[in-house]
Amino acid sequence: MIDKPDSKRKANLGLLWRMMHKYWYYGLAGLVTMLLYALFSGVSITLVIPLFDFVFKGRSQPVIYNTWHGFLAAAWEEVLLFFGQHRVTLNPSSFEPLWARLQDLMRLTDPLALLYSICVFVFVIFLLKNIFFYANRMFFVALRGRTIRDLRKLMFGRYLSQSMDFYNQHQVGDAIVRMVNDVDTVSNQFIFSIFNSIRDFSTIIVYMVIAIMLNTRLFLYSIIVLPLFSLTMNFMGRKIKKYSRRIQGQLSTMFSVVEEVLNSMKVVKAFRKEAAEEEAFNKINRKHLRMWQRSMAYSSLNVPISEMNSAITGILVIILGGSLILDPNGHFSLGNFTAFLFALFSMLHPFKTVTQMYSDIKKASVSLDRIALVLNQQSQVADAPDAVDKKSLDSCITLENVCFSYKPDKEVLQNINFEIKKGEKIAIVGSSGSGKTTLANLLNRMYDVTKGSIKMDGIDIRKIKLDDLRGLFGVVGQDSILFTRSIRDNIAYGASCEVSDEDIITAAKVALADEFIQELPNGYDQILQTKGSNLSGGQRQRLCIARAIVGNPPILIFDEATSALDNISERMVQDAIDAAMLDRTVIIIAHRLSTVVSCDRIVVLEQGRVQCVGTHNELLQNCKHYQELHLHGDESE
Ligand SMILES: Nc1ncnc2c1ncn2[C@@H]1O[C@H](COP(=O)(O)OP(=O)(O)O)[C@@H](O)[C@H]1O
Ligand SMILES: [Mg+2]
């Protein structure tokens with residue numbers, strides 16, 4: 001994957017934004033609680049000022065307030081008076097008159113009573129601070145959880161809507177990694193990082209304001225190492241991103257291998273390739289480890305670097321601030337200095353998380369790109385804007401000069417012309433690889449023709465609603481693909497709307513499946529094992545036939561439906577097919593001719609071209625290819 005230009009990145013961020021902004025109320029509630037948290041964090045540290053400057057200084061003036069509640073009541077009155085008299089702005093200096101009044105009050109209070117008052121304050125403020133912290137967390141959890149859910153929903157929808165072509169090119173493991181791991185990374189490191197960093201930034205700003213108010217010069221000294229620090233961070237960010245991209249790619253490969261191998265267990269075991277597969281997997285796994293370690297080597301540097309930055313800053317401030325206190329003309333009290341140090345060190349912690357976040361965001365933006373790639377993927381086969389409804393086949397399906405190729409350089413089908421009339425039974429025969437399955441796949445738009453057109457009652461199928469078009473076909477393929485669900489659900493799968501039990505049983509009876517289903521321990525409620533392994537091949541195939549006809553589609557396609565079966569099962573399935581064919585337009589694909597002799601017409605396909613069309617007897621007389629197939633067919637039986 002190549003590096004995206006900036007505009008693309010912004011578009012991807014926009015995508016994330018669109019996913020989140022409908023939950024703006026959680027975001028807003030989160031922000032408000034976050035700001036309150038930052039505010040109370042700031043207030044909590046200013047409490048050390050009276051501790052050092054009034055409590056520990058001892059009593060020097062006449063005492064008016066002897067108890068902690070006496071002081072608190074007086075302080076509360078001052079606060080009310082202040083807010084009654086002054087116009088309060090966000091500017092911290094507007095609070096100065098209040099602060100001066102409170103200082104006077106503290107001088108008139110017994111130190112021990114003041115100490116108790118401060119403790120009450122400390123408790124209340126920490127309680128509030130932590131309540132807001134928790135609320136903030138919960139609001140963001142709600143926001144993040146919903147965003148993840150929506151993102152996965154959207155991605156799965158996109159995967160479902162892709163054409164078969166997409167699945168020829170993309171592996172399932174890759175999709176899983178994108179949907180699970182990448183979504184997780186984005187939500188963990190992006191959404192949380194963004195909001196945590198807002199909280200941390202606001203905390204930093206609150207502490208910064210306090211530090212500046214306490215001593216501006218000292219504050220300026222304390223940020224002297226910042227430029228060097230940000231340069232290092234920038235360098236590391238680029239490295240982390242590079243490795244993250246490789247790591248996610250490796251992960252996709254890894255899961256694709258796992259998926260493929262586990263799905264082909266029978267072959268792996270039969271050919272004793274367990275060790276070889278293990279080694280192949282280990283190789284990818286090791287490579288992933290190497291990448292991961294390199295990326296972690298950079299991202300773990302974050303904390304030490306920012307810690308060292310804090311240490312240097314701290315040392316500078318202690319030296320400079322310390323000498324200010326010792327200087328009699330310094331006008332810097334011990335209480336102020338202690339508060340300054342508190343503010344500074346409290347600022348350094350969120351600062352550290354902000355730098356950590358920086359590398360997280362770098363990682364997450366790689367994952368966001370990978371997600372966006374899926375979401376922006378348009379299906380090759382989709383509804384035309386002016387697509388029309390079509391619920392029945394009225395006269396015929398016409399193929400006009402149909403050409404098709406999977407890859408640009410190799411034509412699989414060339415200039416196919418023929419017509420399938422309503423009610424006809426058409427067979428397509430030809431040797432393996434001649435393009436029969438491909439041709440069938442074009443009829444219900446698993447792929448679109450490259451040239452020419454397929455028309456249904458004169459309407460190009462690309463102008464028919466995809467859903468309607470596919471609803472007209474019932475398809476039974478060579479390998480019976482069933483789901484790990486009940487037999488009932490597997491049959492009902494073939495209908496687009498709810499079907500009654502009666503319909504299901506009728507379909508099963510036509511497909512000659514009812515009898516063996518009744519004999520299963522749970523009958524129609526029997527849950528199939530993975531890939532239907534608790535049924536025989538012939539039974540699975542008959543279930544597939546029941547599934548194909550349950551929705552009562554006017555056209556049936558059987559693509560070598562019996563070729564994987566033994567003779568006895570084949571006979572049963574063939575009977576089922578014959579029963580299902582009644583009153584329908586049918587396309588039977590076969591390479592064994594015994595199954596197609598009774599068809600109305602037979603199309604002989606070789607190397608992607610129609611060689612001859614006719615009935616069995618006609619073709620036997622005048623089609624060389626058919627005669628050859630006939631000979632070979634007889635040999636194999
Ligand atoms: N998904 C695909 N991608 C690329 N080539 C394909 C794909 N499926 C089939 N082909 C090629 O198209 C040709 C026709 O295949 P197919 O329609 O499956 O033949 P048949 O069903 O007659 O055995 C073959 O040469 C095959 O290699
Ligand atoms: Mg085939």
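In which sense do strand β3 and β9 pair, and over how many bridges? They pair in the parallel sense, over four bridges. This is a predicted model: local features need pLDDT of at least 70, side-chain atom pairs count only at pLDDT 80 or more, and totals for chains, interfaces and linings use all residues. Residues are numbered from 1 along each chain as its sequence is written, chains are lettered from A and ligands numbered from 1 in the order in which they are written, and side-chain values use heavy atoms, with hydrogens and water left out.

View 1. Strand β9 covers residues 601-606, and β3 covers residues 425-429. Strands here are DSSP E runs of at least two residues and helices H or I runs of at least four, numbered from the N terminus. Two strands pair if DSSP finds at least two bridges between them. V429 has V604 of β9 as its bridge partner. On β10 (residues 609-614), five bridges join β9 in the antiparallel sense. There, L605 stands opposite V610. β9 and β10 form a hairpin with two residues between them. Q607 in that turn has a positive phi of about 50°.

**View 2. The two faces of β9.** In a regular strand the side chains alternate between the two faces of the sheet. R601, V603 and L605 point one way from β9; I602, V604 and E606 point the other way. Six of the six residues are buried, so β9 is largely enclosed by the rest of the structure. Buried means under 20% relative accessible area, exposed over 50%, and partly exposed in between (1.4 Å probe, protein chains only).

**View 3. The shell around ligand 1.** The shell has 13 residues, and G433, G435, K436, T437 and T438 come nearest. A residue is near if one of its heavy atoms lies within 4 Å. The shell divides into two nonpolar, eight polar and three charged residues. Here Ala, Val, Leu, Ile, Met, Phe, Trp, Tyr, Cys and Pro count as nonpolar, Asp, Glu, Lys and Arg as charged, and the others, Gly among them, as polar. Helix α15 (residues 436-443) gives the largest share, three residues.

**View 4. Polar contacts of ligand 1.** A polar contact with the ligand is a pair of N or O atoms within 3.5 Å. A polar side-chain atom of T437 sits 2.7 Å from a ligand oxygen. For N168, a polar side-chain atom lies 3.1 Å from a ligand nitrogen. An N or O atom in the side chain of Y406 is 3.4 Å from a nitrogen of ligand 1. The protein covers 67% of the 550 Å² of accessible area that ligand 1 has on its own (Shrake-Rupley method, 1.4 Å probe).

**View 5. Helix α15.** Six of its eight residues are buried, so α15 is largely enclosed by the rest of the structure. The buried ones are K436, T438, L439, A440, L442 and L443. R445 follows α15 and has a positive phi, near 55°.

**View 6. The open four-stranded sheet.** Its order is β2-β1-β4-β5, with antiparallel pairing. The edge strands are β2 and β5 (459-460), each pairing on one side only. β1 (residues 396-404) and β4 (residues 451-456) share five bridges. I397 stands opposite M456 in β4.

View 7. Most residues other than glycine have a negative phi. N415 in strand β2 (residues 413-421) has a positive phi of about 40°. N415 is partly exposed, at 45% relative accessibility. E560 has a positive phi of about 45°. E560 lies in the loop between β7 (555-559) and α21 (567-581), and is buried at 9% relative accessibility.

Notes:
A polar contact is a pair of N or O atoms within 3.5 Å; within protein, one must be able to donate a hydrogen and the other to accept it, and residues adjacent in sequence count only if both atoms are side-chain atoms.
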